[in-house]
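Trainee: I have a model open and want to learn how to read its features. Please take me through them one at a time.

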Amino acid sequence: MSDWILARKEGRAGRITFNRPQALNALDHDMAGAIEKALDDWRHDPAVEVVIIDAEGPRAFCAGGDIATIYHLGKEGDFEIGPRFWRAEYRLNALIKEYEKPIVAFMQGFVMGGGVGVGGHASHRIVGDTTQIAMPETGIGLIPDVGGTLILALAPGRVGEYLGLTGGRINAADAIDAGFADLYIPEADWPELIAKITATGDPSCLPKHHTPAQKGRLADFRPEIDAAFGGGNLREIVGTLDRMPGDFAQETATTLRRVSALSAEATLRLVRMTRATPTIREALSNEFRFTLRAVEKAEFLEGVRAQIIDKDRKPVWRYALDTLPEALLAELLAPLPKGWEIPFDA
């Protein structure tokens, strides 16, 4: 298991490399623990001046969390294994965001879910031409977590609501515009830059003049996004999209009818909760309200079955736009019960 995370010191840097390319570097509990241990070991190590996080394989930096085990145990009635993993993962996300030394993340290929939680909170976030970032959790009956609601809350206009509810993928240009990344650098240049940062311990050598070859698309649709996703609830947003002309609005409305309405409505509320108090700890604590209860009470098991286990891509959701139970939403977003707080400083 430890071979899936390669943690070592090289030159003046601590190096962390995802090494599970056959599974798109999906993050599990042991891998999260290995990353946290390395960061803890290096916090006060004078030999480590910078941390570099990268990944083996061209297809993914990290395509999300390894949630199959959570599904199978949840089907057997174990509703605690998921929350225990998520709570540990969230502690890691906060550690990365608040780390005292610079962390440089080189994110190629798929960067989704748990991958955003690792790379998206680094102090220097590098993307390239193959990068595709998404928070697709509403499609599996979950919500954008791992501190994703913080990034979404700080995105311009209503882009955060749009990306969080639809789970849409974005390229390097849009990732920078939306606040998921800082710099675009051609991936062919990454090995030389990593070697330079390792030797000097200084990430200031990162070039800032490169422009992504592929243009983003979010800016083109900002008027529609801002007009629709400023709505007070999911039903209002979909209604606005239905009345808008153009393919973008209709495709977006179709997507919102396909994902879990329960998760989408909860996501909308969580993004706005975090926007009111935009800190990493507040975001993670808010998200954990939902994920703590998701396996038992939300539509997580059906979403994972359809998308990951059976792969029929035909989830049978219990709730739709017109049947969302307010009492259940309130229960899923209620404050954390005593004993389940995230131990950020443990």
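**Pockets, strands and single residues**

Mentor: The second largest pocket holds about 170 Å³ of space. This is a predicted model: local features need pLDDT of at least 70, side-chain atom pairs count only at pLDDT 80 or more, and totals for chains, interfaces and linings use all residues. Residues are numbered from 1 along each chain as its sequence is written, and side-chain values use heavy atoms, with hydrogens and water left out.

Trainee: Which residues line the second largest pocket?

Mentor: Its lining is Asp-28, His-29, Asp-66, Thr-69, Ile-70, Ile-81, Arg-84 and Phe-85. They divide into 3 nonpolar, 2 polar and 3 charged. Nonpolar covers Ala, Val, Leu, Ile, Met, Phe, Trp, Tyr, Cys and Pro; charged covers Asp, Glu, Lys and Arg; the others, Gly among them, are polar. Helix 3 supplies the largest share, 3 residues. Helices (H or I, at least four residues) and strands (E, at least two) are DSSP runs, numbered from the N terminus.

Trainee: What volume does the largest pocket have, and which residues lie nearest its centre?

Mentor: Its volume is about 1300 Å³. The lining has 45 residues, and Met-112, Pro-136, Ile-140, Arg-169 and Gln-307 lie nearest the centre. Elements giving two or more residues include strand 6 and helix 14 (300–309). Helix 11 gives the most, with 5 residues. By class, the lining has 22 nonpolar, 12 polar and 11 charged residues.

Trainee: In what order do the strands of the open sheet run?

Mentor: Strands of a sheet pair through backbone hydrogen bonds, either parallel or antiparallel. Here 3 strands form an open sheet in the order 4-6-8, with parallel pairing. Strand 4 (60–62) and strand 8 (132–134) are the edges, each pairing on one side only. Two strands pair if DSSP finds at least two bridges between them. Strand 4 and strand 6 (residues 110–112) pair over 2 bridges. Cys-62 stands opposite Val-111 in strand 6.

Trainee: Which phi values are positive in residues other than glycine, and where do those residues lie?

Mentor: Most residues other than glycine have a negative phi. Asn-25 has a phi near 55°. It lies in the loop between strand 2 (13–18) and helix 1 (29–42). Lys-311 has a phi of about 60°, in the loop between helix 14 and helix 15 (326–332).

Trainee: Is Asn-25 buried or exposed?

Mentor: Buried means under 20% relative accessible area, exposed over 50%, partly exposed in between (1.4 Å probe, protein chains only). Asn-25 has 0%, so it is buried. Lys-311 has 55%, so it is exposed.

Trainee: What does the side chain of Arg-125 reach?

Mentor: Arg-125 lies in strand 7 (residues 124–127). With 11% relative accessible area, Arg-125 is buried. Its side chain reaches the backbone oxygen of Gly-179 at 2.8 Å.

Methods: On a 1 Å grid over the protein atoms alone, a cavity is a set of points where a 1.4 Å probe fits but cannot get out, and a pocket is an open set with protein on both sides within 12 Å along at least five of seven lines; lining residues have an atom within 4 Å of a point. Grid points are joined across faces, edges and corners, and a volume is the space filled by probe spheres set on the points. A polar contact is a pair of N or O atoms within 3.5 Å; within protein, one must be able to donate a hydrogen and the other to accept it, and residues adjacent in sequence count only if both atoms are side-chain atoms.
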